[in-house]
Amino acid sequence: MSTRTRPRAHPDDGTTTFREALREGLREALASDDRVFLMGEDVGRYGGCFGVSLGLLEEFGPDRVRDTPLSESAFVGAGIGAALAGMRPVVEIMTVNFSLLALDQILNNAATLRHMSGGQLGVPLVIRMTTGAGRQLAAQHSHSLEGWYAHIPGLRVLAPAAIDDARHLLSAALADPDPVLLFEHGSLYNAAGTLDPAVHEVELDHAAVRRAGDDVTVVAYGGCVPKALEAAEELADAGISAEVVDLRSLRPLDDATIVGSVRRTHRAVVVDEGWRSGSLSAEVESRICEQAFFDLDAPVERVCSAEVPIPYARRLEEAALPQPAGIVAAARRAVS
């Protein structure tokens, strides 16, 4: 039995945390479909490295919540095999840097089997992993590599930022007949909010406009969405109306929502915790220029992480990452 107790955030005001919303999504999936099971390092007795699966072993038993050996290639491969056999596995990888140990399985098997089998073999596998920096985990565990995976055909790549998405994206991902990668930013686990009782499902293919605006579009995803919203508040105080678009899906990208917003505001800032060179932000900027070049009144701005391994020291880490002040400065340049 785990010695940890299930955390509850703000139990008296009806709010829940991002972590708890993810857990409820897992609980619902396990309860509603016997084919679903969770496996990964420390997901059972310990309750998950970040506490997402705490209590699920006691509720569903070791056949449905499986602790694995320390071999990402092995247990991701086992997940692929189980998916091919008709199961609906959810594989947890502690942090995105460890997913590189399973890159052969993800890239050369999960992403390609449908194509290489002429459509005969599908891999309905969900891989969850923690991504991002901001928690002083230094260069070992502070990577934002979701842009790498968004480069790979055959994968669907999701990055939830809102409480409702954390709660409901998993069921939509499990319904997908092909592999889905779910990137959970570590800084969001303790974020609290209220679930919308009217929301029972979310669409995988569409970005969400988190704040409407007229002067500049700020495109972000995952852990950068709260920073973009904070920047939008500061810009509003200065009389600049910023529209914040949460990508949610990194592959496929929702060009219609992104480009539609830019055509209204005529300016864009793309925020990406990945490194600037070869980044997801470069792809978003390119699509804006390809599809809305003559609607732009200013060059597209990008706010990305510094081109360094993420430092351990708090002030250096903060300096290396996108911050609201940098987003505000980029938006001001765009509207000047």
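Predicted model: local features only at pLDDT ≥ 70, side-chain atom pairs only at ≥ 80, totals over all residues.
**Exercise 1.** Decide whether Gln105 is buried or exposed, and find which side chain it joins in a polar contact.

*Solution.* Start with the location: Gln105 lies in helix 5, residues 103-110. Next, take its relative accessible area, which is 16%. Buried means under 20%, so Gln105 counts as buried. Finally, look at the side chains: those of Gln105 and Asn109 are joined by a polar contact of 2.8 Å.

**Exercise 2.** Work out how helix 3 is oriented relative to helix 5, and which residues make the contact.

*Solution.* First, compare the axes of helix 3 (residues 72-84) and helix 5: they come within 8 Å and cross at roughly 25 degrees. Angles under 35 degrees count as roughly parallel, so helix 3 is roughly parallel to helix 5. Then list the residues: helix 3 contributes Ser73, Val76, Gly77 and Ile80, while helix 5 contributes Gln105, Ile106, Asn109 and Ala110. Sorted by class, this contact has four nonpolar, four polar and no charged residues.

**Exercise 3.** Find which strands stand at the edges of the seven-stranded open sheet.

*Solution.* Write down the strand order, 3-2-4-5-7-6-12, and note that the pairing is mixed. Strand 3 (65-67) and strand 12 (249-251) each have a single partner strand, so they stand at the edges, with one side of each lacking a neighbour in the sheet.

Conventions: Residues numbered from 1 in each chain as written. Heavy atoms only, no water. Helix = DSSP H or I, 4+ residues; strand = E, 2+ residues; numbered from the N terminus. Buried < 20%, exposed > 50% of the residue type's maximum accessible area, 1.4 Å probe, protein only. Polar contact = N/O pair within 3.5 Å; in protein donor to acceptor, adjacent residues only side chain to side chain. Axes fitted to C-alpha atoms, helices over the stretch in contact; angles between N-to-C directions. Parallel < 35°, antiparallel > 145°, perpendicular 65-115°, else oblique. Contact = heavy atoms within 4.5 Å. Nonpolar A, V, L, I, M, F, W, Y, C, P; charged D, E, K, R; others polar. Pairing = 2+ DSSP bridges.
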